[in-house]
Amino acid sequence: MYKLYGSTTSPYVRRLRIWLANIEHEFVNMQIYEKAGREILITKNPAMKVPALEHIQDGKSLFIYDSRVIFRYLSEQHGFPALSWPQENQLTLIDAVNDSLVQMFQLSQSDVVADTDKLFFKLQKERVNNVLAELDGQVQDGEFANWNYPAICLFSLIDWVEFRSLHNLKGLNALLEFHQENAQRIEVTATDPRM
Ligand SMILES: N[C@@H](CCC(=O)N[C@@H](CS)C(=O)NCC(=O)O)C(=O)O
């Protein structure tokens with residue numbers, strides 16, 4: 001059996017919860033920035049990040065860390081095809097924005113003001129703007145027309161950006177439309193962090 005450790009708000013966790021809609025698993029929700037949650041987290045993933053997967057077989061546990069590796073592991077377990085190289089690149093781009101926004105979110109929670117004249121913020125802002133424009137173009141070109149894993153990852157990112165008000169998506173019309181078109185899927189509403 002599979003246990004997925006995470007939080008309802010993490011876009012990295014949500015992508016797997018959506019993708020796992022038809023695969024039996026237990027979701028273990030933790031408050032990863034609070035003491036009790038961190039005490040559990042450290043026993044599941046030494047890197048103290050979510051998601052982490054526990055696969056329990058014949059009484060033995062195997063832990064897998066990192067959404068990308070968890071996806072690969074589960075794909076192999078279930079005989080699903082590997083991602084194509086362009087799809088791997090889509091994930092790299094989505095994760096680049098995700099990571100930049102996670103870091104900036106953590107800084108804002110640490111009362112650090114986002115001064116875009118400062119190198120760190122300048123770099124993140126450039127990356128986020130550049131990648132979102134690229135992804136908007138890819139959506140326009142129909143690259144995310146199928147509801148596959150990269151599309152689920154993109155949706156989870158955009159919905160998290162909206163939920164946390166992390167970035168103004170004005171003008172990125174293809175991304176906004178993509179978000180709207182997929183927002184009512186059952187596995188999407190079932191994993192909505194606002195609930
Ligand atoms: N590359 C990792 C990134 C996971 C990640 O950054 N998760 C965030 C939550 S959205 C986290 O656990 N952050 C905890 C921390 O940075 O201390 C993955 O794909 O799983």
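1. Helices here are DSSP runs of type H or I with at least four residues, and they are numbered from the N terminus. Under that convention Glu187 belongs to helix H8, which covers residues 186-189. The model under discussion is a predicted one, and the points below should be read with that in mind.

2. Once neighbours within four places in sequence are set aside, the residues in contact with Glu187 are Ile18, Ala21 and Trp147.

3. The domain assignment divides the protein chain into domain 1, residues 2-78, and domain 2, residues 85-189. Domain 1 puts 13 residues into the contact, while domain 2 puts in 21. The C-alpha centres of the two domains are 22 Å apart, and about 1600 Å² is buried between the domains, with 55% of that area on carbon and sulfur atoms. Of the area that domain 1 buries against domain 2, Arg15, Ile18 and Arg68 account for 41%, which is more than any other three residues supply.

4. Polar links also run between the domains. There are eight residue pairs in polar contact between domain 1 and domain 2, counting pairs with both residues at pLDDT 80 or more. On the side of domain 1 that touches domain 2, helix H1 (11-19) and helix H3 (67-78) each provide at least two residues. H1 makes the greatest contribution to that side, giving seven residues. Sorted by class, the side of domain 1 that touches domain 2 consists of eight nonpolar, two polar and three charged residues.

5. Salt bridges need a cut-off to be counted: a side-chain nitrogen of Lys or Arg must lie within 4 Å of a carboxyl oxygen of Asp or Glu. By this rule the count is eight salt bridges, and the count between domain 1 and domain 2 is four. A salt bridge joins the side chains of Arg68 and Asp95, with an N to O distance of 3.9 Å, a value to be read against the 4 Å limit. Another joins the side chains of Arg14 and Asp159, at 2.5 Å from N to O. Arg14 sits in helix H1 and Asp159 in helix H6 (residues 149-164), so this pair ties together parts of the chain that are 145 residues apart in sequence.

6. The ligand is surrounded by residues that include Ser10, Tyr12, Tyr33, Met48, Val50, Pro51, Asp66, Ser67 and Gln106. An N or O atom in the side chain of Ser67 is 2.6 Å from an oxygen atom of the ligand. For Asp66, a polar side-chain atom lies 2.9 Å from a nitrogen atom of the ligand, whereas for Val50 a polar backbone atom is 2.9 Å from a ligand oxygen.

7. The peptide bond from Val50 to Pro51 is cis, with omega near 10 degrees, and Pro51 is placed in the loop between helix H2 (35-44) and strand E3 (52-57). Met48 also lies in the loop between H2 and E3, and it has a positive phi of about 55 degrees although it is not a glycine. Both Met48 and Pro51 are among the residues that surround the ligand.

Key: Residues numbered from 1 in each chain as written. Predicted model: local features only at pLDDT ≥ 70, side-chain atom pairs only at ≥ 80, totals over all residues. Heavy atoms only, no water. Domains from an automatic or database assignment. Contact = heavy atoms within 4.5 Å. Buried area = accessible area lost by both parts, 1.4 Å probe. Polar contact = N/O pair within 3.5 Å; in protein donor to acceptor, adjacent residues only side chain to side chain. Nonpolar A, V, L, I, M, F, W, Y, C, P; charged D, E, K, R; others polar. Near = heavy atom within 4 Å.
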